[in-house]
Amino acid sequence: MADHPYADRAPVHEQHLAGFGTVRVFPLDAAVDAAVIHRWVSEERAAFWGMTGLTRAQVAGIYTHMDTLDTHHAFLVVKDGEPVALLQTYEPGADRVSECYDVEPGDIGVHLLLAPAGTGGARPGWTAALAGTLMAYVLRGLDRTRIVVDPDVDNEKAIARFLKQGFTAGPAVVLPEVDLPDVYLPEKKAQLAFLRREVAFAG
């Protein structure tokens with residue numbers, strides 16, 4: 001499949017998986033990518049992402065602001081020319097999650113939003129293959145030793161997916177409300193989970 005929509009953009013990570021395809025990770029362009037991200041976050045299935053009800057301009061504004069930060073980054077994940085996921089990474093020490101667990105050197109936080117299944121519907125092994133590629137980028141590409149995720153405690157699907165990927169469940173915590181001029185985040189009950197590099201790439 002042609003990769004023309006992204007041919008002029010340089011990926012920070014590229015990986016070809018036999019029988020799956022080529023996955024590229026691009027820094028998110030808030031203006032260019034706002035349409036596809038807005039479509040994803042507006043769906044009921046993405047309610048836990050916390051952006052349902054926002055306009056495309058508001059979504060673009062959030063990621064434009066994030067692009068000014070040194071501690072939080074957003075990426076568009078593209079498989080064979082088609083956008084398939086939104087990946088966000090962050091420094092836990094600069095995030096509210098640091099109030100809820102002991103941050104270790106080498107930790108990195110991750111948020112992952114998968115695109116809705118295409119016309120072919122859900123495909124067995126597809127999510128695991130994609131997630132494995134992203135874990136390789138985050139842990140090896142960024143040279144980190146442990147990933148922390150903080151899905152909503154009620155987001156059973158996401159929690160199960162992380163545990164299946166090799167994450168170890170941590171405590172259930174309450175992330176405190178953030179009320180700043182540039183960002184507002186309501187209090188969130190989250191299930192922490194962790195994945196160490198030696199576990200992700202065992203053997």
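Reader: Let's start with one residue. Is Arg146 buried or exposed?
Author: Keep in mind that this is a predicted model. Arg146 is buried, with a relative accessible area of 7%.

Reader: Which side chain meets Arg146 in a salt bridge?
Author: Glu104 does. The N to O distance is 3.6 Å. Glu104 sits in the loop between β4 (82–90) and β5 (107–114), and Arg146 is in strand β6 (residues 146–149), so the pair ties together parts that are 42 residues apart in sequence.

Reader: Why can two side chains pair up like that?
Author: Side chains can pair when they carry opposite charge and their charged atoms come close.

Reader: And is Glu104 buried, partly exposed or exposed?
Author: Glu104 is partly exposed, at a relative accessible area of 30%.

Reader: What forms a salt bridge with Glu104 at 3.0 Å?
Author: Arg196. That 3.0 Å separates the closest N and O atoms. Arg196 belongs to strand β10 (residues 188–196), while Glu104 is in the loop between β4 and β5, so this pair ties together parts that are 92 residues apart in sequence. Arg196 counts as partly exposed, at 31% relative accessibility.

Reader: Which residues make up the network of salt bridges there?
Author: Glu104, Asp107, Arg146 and Arg196 are linked in it.

Reader: How many salt bridges does the structure hold?
Author: It holds 9. Another one joins Asp80 and Lys79, with the closest N and O atoms 3.2 Å apart.

Reader: Why does Lys79 count as buried?
Author: Lys79 has 15% relative accessibility, and buried means under 20%. Asp80 has 24%, so Asp80 counts as partly exposed.

Reader: New topic. Where is Asp33 found?
Author: Asp33 is in helix α1. Asp33 is buried, with a relative accessible area of 3%.

Reader: What is Asp33 in contact with?
Author: Leave aside the neighbours within four places in sequence. Then Asp33 is in contact with Tyr6, Arg9, Pro27, Leu28 and Leu76.

Reader: Now the greasy part. How many residues are in the largest nonpolar core?
Author: The largest nonpolar core has 26 residues. Those with the most contacts inside it are Val77, Leu87, Leu130, Leu134, Ile147 and Phe167.

Reader: Which elements give two or more residues to this core?
Author: They are β2 (21–27), β3 (72–79), β4, β5, α3, β6, α4 (156–164) and β10. The largest share, 7 residues, comes from α3.

Reader: Why would nonpolar side chains gather like that?
Author: In soluble globular proteins, nonpolar side chains tend to be buried together.

Reader: Tell me about α3, then. How many residues does it have?
Author: Helix α3 covers residues 126–141, which is 16 residues. From its first C-alpha to its last it reaches 21 Å, close to the 22 Å expected. Its buried residues include Trp126, Leu130, Leu134 and Tyr137.

Reader: What does Leu134 touch?
Author: Apart from neighbours within four places in sequence, Leu134 is in contact with Val25, Val77, Leu87 and Leu112. There is also a second, separate core of 20 residues, which includes Val41, Ala46, Val59 and Leu76.

Reader: And what follows α3?
Author: Asp143 does, and its phi is positive, near 55 degrees.

Reader: Where does Trp49 lie?
Author: Trp49 is in the loop between α1 (30–41) and α2 (56–66). Not counting residues up to four places away in sequence, Trp49 touches Val41, Tyr63, Leu86, Gln88, His111, Leu112 and Leu113.

Reader: How far apart are the C-alpha atoms of Trp49 and Leu112?
Author: They are separated by 9.2 Å, although the two residues are 63 residues apart along the chain. Trp49 also has a polar contact of 3.4 Å with Tyr63, side chain to side chain.

Reader: Zoom out for me. How many helices and strands are there?
Author: The chain has 5 helices and 10 strands. Of its 203 residues, 43% count as buried.

Reader: What is the radius of gyration?
Author: The chain has 16 Å. A compact globule with 203 residues would be near 17 Å, so the value agrees. The C-alpha trace spans about 45 × 45 × 30 Å along its principal axes.

Terms used:
Residues numbered from 1 in each chain as written. Predicted model: local features only at pLDDT ≥ 70, side-chain atom pairs only at ≥ 80, totals over all residues. Heavy atoms only, no water. Helix = DSSP H or I, 4+ residues; strand = E, 2+ residues; numbered from the N terminus. Expected span 1.5 Å × (residues − 1). Buried < 20%, exposed > 50% of the residue type's maximum accessible area, 1.4 Å probe, protein only. Contact = heavy atoms within 4.5 Å. Polar contact = N/O pair within 3.5 Å; in protein donor to acceptor, adjacent residues only side chain to side chain. Salt bridge = Lys/Arg side-chain N within 4 Å of Asp/Glu carboxyl O. Core = buried A, V, L, I, M, F, W, Y, C linked by side-chain atoms within 4.5 Å. Rg over C-alpha atoms; globule rule 2.2 N^0.38 Å.
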